[in-house]
Amino acid sequence: MLNHLSTSRLIKYGGLLFIFVVLGISFGVSNEWLTLCYGLALFLFGMQCIEEGLNNAAGSTLERLMSKSTATPVRGMLFGMVATFILQSTTLVSLLTIAFLGTGLVSLAGGIAIILGTNLGATSGIWLLALLGKSISLSPVSIPLFVFGIIASFFKGRIKSIGRVFIGISLIFLGIDTLKEGFDALGNQVDFTSYQLDGLMNIVVFTLIGLLLTIVLQSTHATLILTLAALAGGQISVEQSFALAIGSNVGSSLSTALVGMLGSARSGQRLALAHLIFNVVTATLSLILWMPLTDFTKWVGDTLGLNHLLQLALFHTLFNAMGVIIFWRYQEKLAALLCKWLPNKPKKNLLPEDEALVSEQVEPSVKAHYLNDNMLLSGDTAMRAMFYETRHLIEVCLEVLCHAAYIPIQQLYAKEDDSTLLPPQPPLKLDAKSLYEEEIKSLFSEILSFNSRMNVTSPEVKNQLFQLYLVGSYGLDAVKEGKGVQKTMYSALSDSQAVLYQPLLTLRQHLFMSLRYFVRLSFMPVHSSEWDESFTFLQYHVQEFAMCIQNEYLDQLREKVIEQADFKILVNESHHIRRVDQKLLDILMLSKKHLPEGVTLFSNKQEESMAA
C-alpha cells in the first residue's frame with residue numbers, strides 16, 4: 001500500500017515537474033509564447049476569483065432561488081441561464097446542480113432543465129467578449145477594479161467576496177488584452193495560415209483541438225477567449241473557430257461528467273451523464289448539419305453587418321439553442337432512461353459480513369455517501385450534506401451495535417411488530433472492536449475533515465454543526481459501550497449451558513427493543529404526537545430496565561442462582577447497556593430540539609429500502 005502511494009505521488013509530482021521544466025524552457029525560447037501563456041494564466045485565475053467570490057457571496061441565495069425556481073421545466077431552464085450568466089461558468093453551475101440533486105433539493109428532470117439553461121447561459125460570455133472586439137483595450141477599466149477589489153478584501157464577509165469578484169474581473173480584462181498582444185506578436189513570428197487544413201479534416205481536427213483545450217484548461221470560457229483572440233489576430237478562419245466552439249462544449253461536459261461520476265451519488269452521476277449526452281448529441285448534429293448551419297450564420301452575419309467575432313458568438317448560440325429545442329420534449333423520458341441505465345444500488349448492510357475481511361482489509365469498507373468537494377460549492381448544500389452524512393453515521397453505529405449483541409440487522413428494520421429475538425447460533429464473531437476502529441472512526445474522521453473545510457461565518461450555522469457533531473459523538477459513545485458488551489456475550493452465548501447464558505439473552509433482548517424503538521422514532525416526524533408518545537414509551541422502557549434489572553440480579557445472588565463474580569459481570573454489562581440507552585435518548589432529544597417540524601431523523605426512502 002505504501003509503495004503504491006509512493007509511486008502515485010512520484011508520478012504526480014514528477015509529471016508536474018516535467019511540465020514546469022518544459023514550460024520554463026519554452027518561455028526562454030519565445031517571449032511571444034510567454035506573453036500568450038501569461039495572458040491565459042491571468043484569465044484562468046480571474047475566473048477562479050469570480051467563481052469563489054460569487055459562490056461565497058451568493059451561494060446560499062442560489063440554493064434558495066433554486067428551490068423556488070425549479071418547479072417547472074421553463075423556470076428550471078431560466079434559472080440555469082441566469083445562474084450561468086452571473087457566475088460565467090457552466091462547470092460551476094453544473095456541479096452546484098449535481099450537489100443540490102444529491103441532497104434532494106431538485107429532481108433529476110429539474111436538474112436536466114437547469115443543464116439545458118446553462119448551455120444557453122454560457123453564450124452570454126462569448127457575446128460580451130465578441131462585442132468588446134479587437135480594438136478596445138480593457139486595461140484602463142481593469143486597474144481601478146483591481147484597486148477596489150484589494151480595498152474590499154481587507155473587510156470580512158460579503159464585502160470581501162465582492163472584492164474577490166472585482167479582482168477576478170480585473171484579471172480577466174488584463175488577460176484578454178495580454179492574449180491579444182500575444183497572438184499578434186506570435187502571428188508576426190509564425191504564419192499559422194500556412195498550416196490550415198482543407199475539407200472535413202479541417203473541421204474534425206479543430207473540433208478535437210477545442211475539446212482537448214477545454215479539458216486541459218477546465219474552462220469553456222478560456223477556450224473561447226483563446227479562439228476569439230486567434231480569430232481577431234487572423235490566425236484561424238471563422239469556420240475553424242466554429243469547430244473550436246463545438247469542441248469546447250463537449251470538453252466542458254466531459255470535465256463535469258468526470259467529476260460528477262467519480263465524486264457524486266447515483267443521482268449526481270445521472271445528471272453528469274445527461275450533460276454529456278446533451279453536448280455530444282448537439283455537437284454531432286451540428287457537425288452533420290455543418291453546411292446549412294454555417295451558411296445560415298454567415299448569411300445572418302452579412303445581413304446584419306456582424307464581424308467574424310460576433311458571427312462566432314451567433315454560431316455558438318444557434319447550435320446550443322438547437323440542442324435545447326431537440327431535448328426539450330424528452331426531459332422526462334431522458335430522466336427515466338438514466339434511472340434505468342444507472343439504477344439505485346440494492347440496499348445492503350453497510351458493514352462487511354466476513355470477520356476475516358474486517359481484520360485484513362487495507363481500507364475501510366464504509367465510505368462517506370454525501371461528502372465530496374461538490375457539496376462545498378454552497379454553504380447550505382454543505383450543511384445538508386453534513387446532516388445526511390451524520391444520519392449515515394448513526395445508521396452504521398446501529399449496525400455495529402447489532403453486531404456487538406448478535407442481533408440480525410434485518411430484524412431491526414422489519415416493518416412487522418415482531419419482538420421475538422431468537423438466540424444467536426454459534427460460532428459467534430468477536431468483531432465489534434475492529435468495526436469500531438476501522439469503520440466507525442474512519443467515517444467520523446471524514447465528517448470532521450469535511451466540517452473543517454466548510455466556510456462558516458454564521459453563529460447559527462456553527463451551532464447547527466456543533467449539534468451534528470454531538471449526535472455523531474453520541475453514536476460513537478454508544479458503540480464504545482457495545483464493544484464491552486460483546487466480549488462477555490461472545491463467551492457466554494457460545495455455550496447454551498453457561499450460567500450467564502439466560503441473563504445475557506435478557507440483556508440482549510432489552511437492547512434489541514431499545515434499538516427497535518429508536519429506529520421507529522427515527523422514521524417519525526419530530527414534533528408530532530406519535531413521536532412524543534413513542535419517545536415517552538422508550539423512556540419508560542429504559543427507566544424500568546434500570547430499576548428492575550439490578551434488583552433481579554440481587555435476588556439471584558441471594559438465592560445462590562449466580563455467584564458473586566457472575567453478579568459483578570451482569571451488573572457491569574447492564575451498566576454498558578444503560579449507557580447505550582442513554583446515548584440513544586440523547587440523540588433523539590437533540591433531534592426533537594433542532595430538527596424542523598415534519599422532518600425525520602431517517603428518511604422515508606431509507607425506510608422503504610431498509611424494509612425491502
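Residues are classed here as buried under 20% relative accessible area, as exposed over 50%, and as partly exposed in between, with a 1.4 Å probe and protein chains only. The model is predicted, and local features need pLDDT of at least 70, side-chain atom pairs count only at pLDDT 80 or more, and totals for chains, interfaces and linings use all residues. Residues are numbered from 1 along each chain as its sequence is written, and side-chain values use heavy atoms, with hydrogens and water left out.

Salt bridges were taken as a side-chain nitrogen of Lys or Arg within 4 Å of a carboxyl oxygen of Asp or Glu. The structure contains 8 of them. One joins the side chains of K298 and E239, at 2.0 Å from N to O. Because K298 belongs to helix 13 (residues 290–304) and E239 to helix 11 (residues 238–263), this pair ties together parts 59 residues apart in sequence; helices are DSSP runs (H or I, at least four residues), numbered from the N terminus. Both partners are partly exposed, K298 with a relative accessible area of 22% and E239 at 24%.

A salt bridge also forms between R579 and E481 (3.1 Å, N to O). It links distant parts of the chain, with R579 in helix 23 and E481 in helix 20, 98 residues apart. R579 is partly exposed at 38% relative accessibility, whereas E481 is buried at 17%. K592 and D532 meet in a further salt bridge, 2.9 Å from N to O. K592 lies in helix 23 and D532 in helix 22, so parts 60 residues apart in sequence are tied together. K592 is partly exposed at 26%, as is D532 at 33%.

Y517 and F537 are edge-to-face, with 5.2 Å between centres and 80° between planes. Y517 is part of helix 21 (residues 501–522) and F537 of helix 22 (residues 529–558), so the pair connects parts 20 residues apart in sequence. Y517 is buried at 16% relative accessibility, while F537 is partly exposed at 43%. W531 and F535 are stacked, because their ring centres are 5.0 Å apart and their planes at 10°. These two residues are 4 residues apart in helix 22, about one helical turn, and both are buried. Ring pairs also join F242, W290, F315 and F319 into a cluster.

Nonpolar cores were defined as sets of buried Ala, Val, Leu, Ile, Met, Phe, Trp, Tyr and Cys residues joined through side-chain atoms within 4.5 Å. The largest has 84 residues, of which L398 and L515 touch the most other members. Helix 17 (379–405) and helix 19 (432–453) are among the helices that each supply at least two residues, and helix 17 gives the most, with 15. Residues up to four places away in sequence aside, L398 contacts (heavy atoms within 4.5 Å) L412, Y413, L515, F518, V519, L584 and F602. A second, separate core of 46 residues includes I50, L129, F173 and L211.

Terms used
Rings of Phe, Tyr and Trp (its six-membered ring) pair if their centres lie within 6.5 Å; planes under 30 degrees apart count as stacked, over 60 as edge-to-face and the rest as tilted.
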